[in-house]
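Visitor: I would like to learn how to read a few features of a model. Please show it to me first.

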Amino acid sequence: MTHPPLANDRLLRALRRQPVDRTPIWLMRQAGRYLPEYRATRARAGSFLAMAKTPELACEVTLQPLARFPLDAAILFSDILTIPDAMGLELYFVEGEGPKFRHPLRSEAEIARLAVPDMETDLGYVMDAVRLIRRELGGKVPLIGFSGSPWTLACYMVEGGGSKDYARIKAMALDTPQLLHRLLTVVTDAVIAYLSAQRAAGAQALQVFDTWGGVLGPAMYREFSLPYLARIARELPRGEDAGRTPLILFGKGNAPYLEELAGSGAEALGVDWTVELGEAARRTGGKVALQGNLDPATLYARPEAIASQAQRVLDGYAAGNGGSREGHVFNLGHGLSPDMDPEHVAALVEAVHRWSTR
């Protein structure tokens, strides 16, 4: 299917470290419960999973923030746990507790049975949503596809849901590291296939969320997360030159590893708010674009304070990047929360565009 040319390609240009007229902005969880229109769609759908697994509803909520704010990208509405769900672990949600699996991995035999799902049958609803969103966007802004990282997916698969101490998976890492590597290998195979299928369906940039990478100590991170992120960056087919699909590696708590991540072959790194963006720019030395990194809690402050903090992030990046604003995608250091005020989001988007105009 042929698509119209992009009216706004700021995001893709910034991810390629090319000049832009102003710094692009999109926000993690920009389609979410803080928007009344999202809550209305969710009530109509009956559940989060029904929305995520119905392409028309996934498309509807993906587009909602773009109707409200002049954002520079859409991100596919889905969940990071679609891959383990398709592997047979059976995802469900508990109100107030978040995602759970009915069949968490509890034995070597269960890990041995895991296989890469079929992307057009087992995960066809995701690809249908990508195709539909891309069509409905009509070239307005680019569409970002995404996946959870191998380590983060493995955490959920072994723990059975979120975790306070990651006791099961860290014990596995120490007692039977070869078993955890076996799990991470098949999950990495699946992530590469999944992102590749999203790209084929129409995603124009791709992000890997290593949400739980920061719970690992340095030695464990370098054994159980970093090599698998690097393998994705190395093996994920994403085209050449101007047609190349940029890959963003986002990690909470990834500041200690920026140099290593910058050498992975990914086009961009997303960083949280615990590192100054200028420092991240200096340490990565122009090898990658950087995405981030306003503390999401800033959005609870008054609009004037939000604008001031946005300016600080923008200027900090430029100061660490030899005075240049190029190669920066503005984002939060993590996702929006359900109780945030949409007017404060509007103030942030306006401030970023105003302050970063070249």
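Predicted model: local features only at pLDDT ≥ 70, side-chain atom pairs only at ≥ 80, totals over all residues.

Visitor: Where is glutamate 90 found, and what is its phi?

Guide: Helices (H or I, at least four residues) and strands (E, at least two) are DSSP runs, numbered from the N terminus. Glutamate 90 is in the loop between H5 and S2. Its phi is near 65 degrees, a positive value in a residue other than glycine.

Visitor: What is the phi of arginine 29, and where is that residue found?

Guide: Arginine 29 is not a glycine, yet it has a positive phi of about 65 degrees. It sits in the loop between helix H1 (10–15) and H2. With a relative accessible area of 47%, arginine 29 is partly exposed.

Visitor: Which residues lie nearest the centre of the largest pocket?

Guide: First, the terms. On a 1 Å grid over the protein atoms alone, a cavity is a set of points where a 1.4 Å probe fits but cannot get out; a pocket is an open set with protein on both sides within 12 Å along at least five of seven lines; and lining residues have an atom within 4 Å of a point. Here, Arg29, Arg33, Phe48, Asp79 and Phe93 lie nearest the centre of the largest pocket, out of 40 lining residues.

Visitor: What is the volume of the largest pocket, and which element gives the most to its lining?

Guide: A volume is the space filled by probe spheres set on the grid points, which are joined across faces, edges and corners. For the largest pocket it is about 1300 Å³. S3 gives the most to the lining, with three residues. At least two residues each come from helix H2 (36–45), helix H3 (48–53), strand S2 (91–94) and strand S3 (98–101).

Visitor: How many residues of each class does that lining have?

Guide: Ala, Val, Leu, Ile, Met, Phe, Trp, Tyr, Cys and Pro count as nonpolar, Asp, Glu, Lys and Arg as charged, and the others, Gly among them, as polar. The lining of the largest pocket has 20 nonpolar, 13 polar and seven charged residues.

Visitor: How many cavities of 30 Å³ or more does a search of the whole structure find?

Guide: The search finds two. The largest cavity holds about 40 Å³ of space. Its lining includes Asp79, Phe146 and Tyr194. Helix H5 (82–89) and strand S4 (143–148) are the elements that give two or more residues to this lining, and S4 gives the most, with three.

Visitor: What lines the second largest cavity?

Guide: Among the lining residues are Asp210, Tyr221 and Phe250. Strand S6 (residues 247–251) gives the most, with three residues. The volume of the second largest cavity is about 30 Å³.

Visitor: What span should helix H10 have?

Guide: The expected span of a helix is 1.5 Å times one less than its number of residues. H10 (residues 177–201) has 25 residues and so should span 36 Å, which agrees with the 36 Å between its end C-alpha atoms. Just after H10, glycine 202 takes a positive phi of about 135 degrees.

Visitor: At what angle do H9 and H10 pack?

Guide: Axes are lines fitted to C-alpha atoms, for helices over the stretch in contact, and angles run from 0 to 180 degrees between N-to-C directions. Helix H9 (residues 167–175) packs against H10 at about 115 degrees, with the axes 5 Å apart. Contact means heavy atoms within 4.5 Å. Residues in H9 including Ile169 and Met172 meet Pro177, Leu179 and Leu180 in H10. Threonine 176 is in the loop between H9 and H10.

Visitor: Which peptide bond is cis?

Guide: The bond from glycine 292 to asparagine 293 is cis, with omega near 0 degrees. Asparagine 293 lies in strand S8 (residues 289–294).

Technical notes. Residues numbered from 1 in each chain as written. Heavy atoms only, no water. Buried < 20%, exposed > 50% of the residue type's maximum accessible area, 1.4 Å probe, protein only.
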